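The following exercises concern one structure, shown below.

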Amino acid sequence: MTNECEEKLKKIIVGFRSCRNAFTAIGDETRQLILLVLLESDLAGIRVGEIARKAHLTRPSVSHHLQILKEAGIVAMRREGTKNYYYLSEDETQWKDIADLINLIYASIKQNGRR
């Protein structure tokens, strides 16, 4: 194994460790549904009640799943007074780390396929 391959594997291992909670969080179907609602919404954010209505879920269920997504670095939240708005953010979440990890794995696969 070349030094370049070893370095890529080390980066992939680190990437898996840092993204583990995010992968676990987005693996759940209910959380995927919530993410779809967030993707369809205004980038300024959406409240729990509206997510619940659009996803046909209860407010407590949505709150529970949003907490998991927030702790995993998948969803961001901003507070305005007593209101919380949830949204997807390029800067405040792990989406870039996940994309970088997937791209690194894909590049490694492509490179190994040429041998």
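**Exercise 1: A residue in a loop**

S89 lies in the loop between β2 and α5 (95-113); helices (H or I, at least four residues) and strands (E, at least two) are DSSP runs, numbered from the N terminus. The model is predicted: local features need pLDDT of at least 70, side-chain atom pairs count only at pLDDT 80 or more, and totals for chains, interfaces and linings use all residues. Residues are numbered from 1 along each chain as its sequence is written, and side-chain values use heavy atoms, with hydrogens and water left out.

Task. Determine whether S89 is buried or exposed, and state which residues S89 is in contact with, leaving aside neighbours within four places in sequence.

Solution. Step 1: the relative accessible area of S89 is 10%, so this residue is buried (buried is under 20%, exposed over 50%, partly exposed in between; 1.4 Å probe, protein chains only). Step 2: with neighbours within four places set aside, S89 is in contact (heavy atoms within 4.5 Å) with A76 and W95. Step 3: the S89 side chain also reaches the backbone nitrogen of E92, at 3.0 Å.

**Exercise 2: The buried residues of a helix**

Task. Find which residues of α3 (residues 48-55) are buried, and what they pack against.

Solution. Step 1: V48, I51, A52 and A55 are buried. Step 2: viewed down the axis of α3, these buried residues fall within an arc of 100°, so they line one face of the helix (the arc is that of the directions from the helix axis to the C-beta atoms). Step 3: they pack against α2 (29-40), α4 (59-71) and β2 (83-87).

Notes:
Polar contact = N/O pair within 3.5 Å; in protein donor to acceptor, adjacent residues only side chain to side chain.
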